[in-house]
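Here is a short note for a colleague opening this entry for the first time. Please read it with the structure in view.

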Amino acid sequence: MNHRTARPAATAPPAPPGRGGLAAPAALLAGALLTTAAIVAVLLHDRPRHPPGAAPPARVLSRYETAAPGNTIDRDCGYSAPLTGHRDLWLFCDSTWKGTRPGLWLGATAATGTTAPGRVPTDLTELPTPGTPRTPRTGTATAPGDGPPQALLPTPPGLQLPGGAPCHIPGTAYSASWISGATPLPGDGTVLLTYTDVCVHGTTITPQGYGIAAYRPADRTLHGQTRVFTVPGGLPFQLTLGSPVLRDGHLYLYGSACDTWTIGACAAGRVTLARVPADPAAWRDPSAYRYWSPAGWTPDASRAQTVAPGAAPAAVHIADYTAAGQGLVLIEQRGLDGRYRLWRAPAPQGPWRPAGQGAVPCSGGTGNDQCRAFIGHPELSTTAALLMSYYNPADRHVTVRAVPW
């Protein structure tokens, strides 16, 4: 930051005797005091404000959690996208909360807050459901700034249990739309969302739909929500898409599958790639999607082949870190014990090459409640470190860590 330099105050001429003027030494002292005061004022004005958030590792917190003792939120996913004015949009999956206003929402929720590279947000404001009325006097949403999470996407209709019954058994089965990625669109600050419609039945999770929508933070509205692909018996992983990346006039999206599981880890798997023209009419049209294979782009999703030979993903997240000097980066979750591997590529289809590995402290999980949701945040990352969030069942929270490149 450039600090302005204060000019010394001019010394006033001596006043005539008998007119109440200061003697010369007193005048010089007054000038020095004025100069010091001016310098202090400038330094205080130009002093950088303390950056928002906390240094990693730190938990991602919302204002509901910090508003009162005992307020907690248990949720995972933790996708983010930059907004204008040094702010971020955060998107989460199923959420349950305790405290002054306990509740739950089985599906996506959203929050927004101030952001800075290298910092973890700690002041997120939970956003109201799109379409929530605003008060005429202030134009602000009727929900208080420290309120609990609220639904972002509605409960998806038409999902089925094995046998064809509706995926709705209180306490046993439910339908939900889970966010699978987010990226800002050029222009008005709209954020493109991808999501997966799932039927959760006990410990079984069946993806049955892939959808896309645009969220406009300026007026908190949702546009063009479309379920692009749907298969009641279970969507092929090549069509269970996420990690949207805009490049070369196309929207690129990734799918992944673990083909061989060992105890708590993936031994072999695939990462596939789809693309569609970067146009709302195209990305809502199932016939416009193409899938990468060594022989070229094909309309047949079943012919898609891995773009990262050697990867063994329990799950993946891909994003563009060009601003941090890293190009495209793939985070490969290796299993359920906190291990991950990084891959880098100059283009969506590769070549993808290993670029480091590590593990995060993660414990306390059982069943489906395991270490999960390894997600990178380009707008928070720096040239020195990747900022990566994950869900730790030990403290039932999303945590962000800095991973050196």
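1. **Basis.** This is a predicted model, in which local features need pLDDT of at least 70, side-chain atom pairs count only at pLDDT 80 or more, and totals for chains, interfaces and linings use all residues. Residues are numbered from 1 along each chain as its sequence is written, and side-chain values use heavy atoms, with hydrogens and water left out.

2. **Disulfide count.** A disulfide here is a pair of cysteine sulfur atoms within 2.5 Å. The count by this rule is 4 disulfides. With the bonded cysteines of the chain numbered in sequence order, the pairing reads 1-2, 3-4, 5-6, 7-8. In general, a disulfide is a covalent bond between the sulfur atoms of two cysteines.

3. **Cys77 and Cys93.** These two are joined by a disulfide, S to S 1.8 Å. The torsion about the S-S bond of Cys77 and Cys93 is about -75°, so this disulfide is left-handed. Cys77 sits in strand E2 (residues 72-83) and Cys93 in strand E3 (residues 87-98), so the pair ties together parts 16 residues apart in sequence. Strands (E, at least two residues) and helices (H or I, at least four) are DSSP runs, numbered from the N terminus. Both Cys77 and Cys93 are buried. Buried means under 20% relative accessible area, exposed means over 50%, and partly exposed lies in between, with a 1.4 Å probe and protein chains only.

4. **Cys167 and Cys199.** The sulfur atoms of this disulfide are 2.1 Å apart. The torsion about the S-S bond of Cys167 and Cys199 is about 95°, so the disulfide is right-handed. Cys167 lies in the loop between strand E6 (125-126) and strand E7 (173-184), and Cys199 in strand E8 (residues 191-201), so the pair ties together parts that are 32 residues apart in sequence. Cys167 counts as buried at 3% relative accessibility, and Cys199 is buried at 2%.

5. **Cys258 and Cys266.** A disulfide links these residues, S to S 2.2 Å. The link of Cys258 and Cys266 is right-handed, with 110° about the S-S bond. Both Cys258 and Cys266 are buried.

6. How many bridges join E2 to E3? There are 10, and the two strands run antiparallel. Two strands pair if DSSP finds at least two bridges between them. Ala81 stands opposite Leu89 in E3. The hairpin has 3 residues between the strands, and Gly85 takes a positive phi near 70°. E2 is mostly covered, with 10 of its 12 residues buried.

7. **An open sheet.** The order is E15-E16-E17-E18, 4 strands with antiparallel pairing. E15 and strand E18 (353-359) stand at the edges with a single partner strand each, so one side of each is left without a neighbour in the sheet. From one strand to the next the twist averages 20°; axes are lines fitted to C-alpha atoms, for helices over the stretch in contact, and angles run from 0 to 180 degrees between N-to-C directions. E16 and strand E17 (residues 339-345) run antiparallel, joined by 6 bridges. Glu332 has Arg341 in E17 as its bridge partner.

8. **Gln326.** This residue is in the loop between strand E15 (315-320) and strand E16 (328-333). Is Gln326 buried or exposed? Gln326 counts as buried, at 12% relative accessibility. Leaving out residues up to four places away in sequence, Gln326 touches Tyr321, Arg344 and Trp405. Contact means heavy atoms within 4.5 Å.

9. **The second largest pocket.** Its lining has 21 residues, and those closest to its centre are Thr183, Pro184, Ala319, Asp320 and Pro378. E2, E7, strand E11 (242-247), E15 and strand E19 (372-376) each supply at least two lining residues of the second largest pocket. E11 gives the largest share of that lining, 5 residues. On a 1 Å grid over the protein atoms alone, a pocket is an open set of points where a 1.4 Å probe fits, with protein on both sides within 12 Å along at least five of seven lines; lining residues have an atom within 4 Å of a point.

10. **Val400.** Val400 is in strand E21 (residues 397-404). At 0% relative accessibility, Val400 counts as buried. Residues touched by Val400, not counting those up to four places away in sequence, include Pro56, Trp90, Val120 and Leu387.
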